[in-house]
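Please look at the sequence and the model side by side, and keep both in view while reading.

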Amino acid sequence: MRIHVAADHAGYELKVALVEHLRAAGHDVVDHGAHEYDAQDDYPSFCLAAGEAVVAEPGTLGVVIGGSGNGEQIAANKVTGVRAALAWNTATAQLGRAHNDANVVAIGARQHSVDEALELVDTFLAEPFSGDPRHQRRIDQLTAYEAQR
């Protein structure tokens, strides 16, 4: 699976570990930055680039990483067609995919150990959308709202 990843300085070290982990698992990883540690960098450009790439390539997924994951989720969700979910445990990672058909997961690097964060991403990637009509109906409502803007 192709996975688009992005992180700012707060998520940089986790992103490096995640890219290695995902590639070792056989995934095709596209790294949208940061490409080096810079304590003064800003997350929006990285997260927007990853979100745009996910939307441009249907069937791909994205991971955005920061200190808390909150700003990164907000940034990714500014891209029309992105449904980014903040995962703070395996249940939220799983439900983001199963109920919301999230195509991007946001992770807070300062909130989890590397092993915990990798487990969140693995859970997110492994979970398919349930296809339940009630969930699809809600996603369709959000998509219609985006189209009106």
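What follows is a report on the salt bridges and on a patch of charge.

## The model and its salt bridges

The structure described here is a predicted model, and it holds 6 salt bridges.

## A link between two strands

Arg 2 and Asp 28 form a salt bridge in which the closest N and O atoms are 2.7 Å apart. This pair links distant parts of the chain, since Arg 2 belongs to strand E1 (residues 2-7) while Asp 28 belongs to strand E2 (residues 28-31), and the two are 26 residues apart.

Arg 2 has a relative accessible area of 31%, and is therefore partly exposed. Asp 28, at 36% relative accessibility, likewise counts as partly exposed.

## A link between a strand and a helix

In another salt bridge, Asp 31 is joined to Lys 15, with the closest N and O atoms 2.7 Å apart. Because Asp 31 lies in strand E2 and Lys 15 in helix H1 (residues 12-24), the pair ties together parts that are 16 residues apart in sequence.

Are the two partners buried or partly exposed? Asp 31 is partly exposed, as its relative accessible area is 26%, whereas Lys 15, with a relative accessible area of 1%, is buried. The cut-off behind this wording is that a residue counts as buried under 20% relative accessible area.

## A link between two loops

The side chains of Arg 83 and Asp 101 also meet in a salt bridge, at 3.3 Å from N to O. Arg 83 lies in the loop between helix H3 (70-77) and strand E4 (84-86), and Asp 101 lies in the loop between helix H4 (90-98) and strand E5 (104-108), so this pair ties together parts that are 18 residues apart in sequence. Arg 83 has a relative accessible area of 22%, and is therefore partly exposed.

## A patch of negative charge

On the surface, Asp 115, Glu 116, Glu 119 and Asp 122 gather in a patch of negative charge. One of these residues, Asp 115, is found in helix H5 (residues 114-126), and Asp 115 counts as exposed because its relative accessibility is 62%, the cut-off for exposed being over 50%.

Conventions:
Residues are numbered from 1 along each chain as its sequence is written. This is a predicted model: local features need pLDDT of at least 70, side-chain atom pairs count only at pLDDT 80 or more; totals for chains, interfaces and linings use all residues. Side-chain values use heavy atoms; hydrogens and water are left out. Patches are made of residues with over 30% relative accessible area and no salt bridge: like charges are joined within 9 Å, nonpolar side chains (Val, Leu, Ile, Met, Phe, Trp, Tyr) within 5 Å. Accessible areas come from the Shrake-Rupley method with a 1.4 Å probe; for residues, only the protein chains shown count as cover. A salt bridge is a side-chain nitrogen of Lys or Arg within 4 Å of a carboxyl oxygen of Asp or Glu. Lys and Arg count as positive and Asp and Glu as negative; His and the chain ends are not counted. The place of a charge is taken as NZ of Lys, CZ of Arg, CG of Asp or CD of Glu. Helices (H or I, at least four residues) and strands (E, at least two) are DSSP runs, numbered from the N terminus. Buried means under 20% relative accessible area, exposed over 50%, partly exposed in between (1.4 Å probe, protein chains only).
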